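Here are a few friendly notes to read alongside the model. Please keep the structure open as you go through the points.

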Amino acid sequence: MTMLTRPLGNTGPQVSALGLGCMGMSALYGEADRTESVATIHAALEAGVTLLDTGDFYAMGHNEMLIGEALRAAPAARREQALVSVKFGALRGPDGSWLGYDGRPAAVKSFAAYSLQRLGVDHIDLYRIARLDPDVPIEETVGAIAELVEKGYVRHIGLSEVGAGTIRRAAAIAPVSDLQIEYSLISRGIEDEILPTTRELGIGITAYGVLSRGLISGHFTADRQLGAGDFRAMSPRFQGDNLRHNLNLVEALRKIAEQKGVSVAQIAIAWVLSRGEDIVPLVGARRRDRLTEALGALDVTLEPADLAAIEEAVPAGAAAGERYPAAQMAHLES
């Protein structure tokens, strides 16, 4: 397996063709093993993965400190190749509750100061607000990030989960390198307006949820018991009839994967890779074996016949249930 690189938009850096989303190492998907998490980050860097994604609110800073620990323990050459993407702005209470979003310029700079300390770095490679603050114009938030770029604390400006209109407004203020947004075989909402807009403006896509939180990984089963802290216990796509319907889609995909001699996860990731050179999938591997499986997607070539078969098995809009509970969907732009 040779690690390929892709440009992160017209103004961003060259990054590895797959990025590592580190959220699950700290929060929302049940218990994770810290030693194995650090080992997985090291294995990713050793394999040529350069993009590490986190959020300052993932377990209230735990995830940033975990990445900082992993980077300090990595060989110098691997540490220097790492590009860290940070989301900010989500407000949380001591009990883990969600309290809204804060995109005020003063808050942006304060969030960045704490992230730099927790990560143990002198700059953040990609910085973005996690969700649009409805009370603060995106121009003000992006303008504050641009000031951090001017002072050397941030290298590139990103966006997250915003619609085409907001993307245009943000890009009019300062160069935007990347939009992070959910994109997978069963989450294709960006294809109508958002993806054409980013391509027109030369903005890259980092796609999270490429395995839909494990739903289309080929490893999730209908009888799996989810812990109280697991996001999927509340996710509409993992409930009752929705789950049974969605797992039937996975079984249809499994037949295609087996014909190619690859895993379901590999064919799902390869599909996202096939959607364009401007799209970098983030894989949420928490263990080295899952990372190895995900990296195998780089060796999967999808021929036109394969893509047609995948489209027939899992057509756009085929999933049952929204990708977030209703309260969280209200914070997303389409």
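1. One cut-off to start with: a residue counts as buried when its relative accessible area is under 20%. Val283 has a relative accessible area of 5%, so Val283 is buried. Please bear in mind throughout that this is a predicted model.

2. Where does Val283 sit? Its place is in strand β12, which covers residues 279–283. Setting aside residues up to four places away in sequence, Val283 touches Leu18, Gly19, Leu20 and Gly21, and also Val210, Ile269 and Ala294.

3. Which residues of the largest nonpolar core touch the most other members? They are Leu20, Ile41, Tyr127, Leu159, Leu179 and Ile269, in a core of 94 residues. Helix α9 (residues 264–273) gives this core its largest share, with 9 residues. There is also a second, separate core, made up of 10 residues, and Leu8, Leu126, Phe231 and Tyr324 are among them.

4. Strand β5, residues 83–88, deserves a look of its own: 6 of its 6 residues are buried. Leu83, Ser85 and Lys87 point one way from the strand, while Val84, Val86 and Phe88 point the other way. Do notice that Ser85 and Lys87 are buried along with the rest.

5. What are the neighbours of β5 in the sheet? Strand β4 (residues 51–55) pairs with β5 in the parallel sense, over 5 bridges, and Leu52 stands opposite Val84. Strand β8 (residues 124–129) also runs parallel to β5, joined to it by 4 bridges.

6. Last, the cavities. How many cavities of 30 Å³ or more are there? The count is 1, and the volume of the largest cavity is about 30 Å³. Its lining consists of Leu185, Ile186, Ile216, Leu249, Val250, Leu253 and Val314. By class, that lining has 7 nonpolar residues, with no polar and no charged ones.

Note on methods. Residues numbered from 1 in each chain as written. Predicted model: local features only at pLDDT ≥ 70, side-chain atom pairs only at ≥ 80, totals over all residues. Heavy atoms only, no water. Buried < 20%, exposed > 50% of the residue type's maximum accessible area, 1.4 Å probe, protein only. Helix = DSSP H or I, 4+ residues; strand = E, 2+ residues; numbered from the N terminus. Pairing = 2+ DSSP bridges. Core = buried A, V, L, I, M, F, W, Y, C linked by side-chain atoms within 4.5 Å. 1 Å grid on protein atoms, 1.4 Å probe; cavity = no way out; pocket = protein on both sides within 12 Å on 5 of 7 lines; lining within 4 Å. Points joined across faces, edges and corners; volume = space filled by probe spheres on them. Nonpolar A, V, L, I, M, F, W, Y, C, P; charged D, E, K, R; others polar. Contact = heavy atoms within 4.5 Å.
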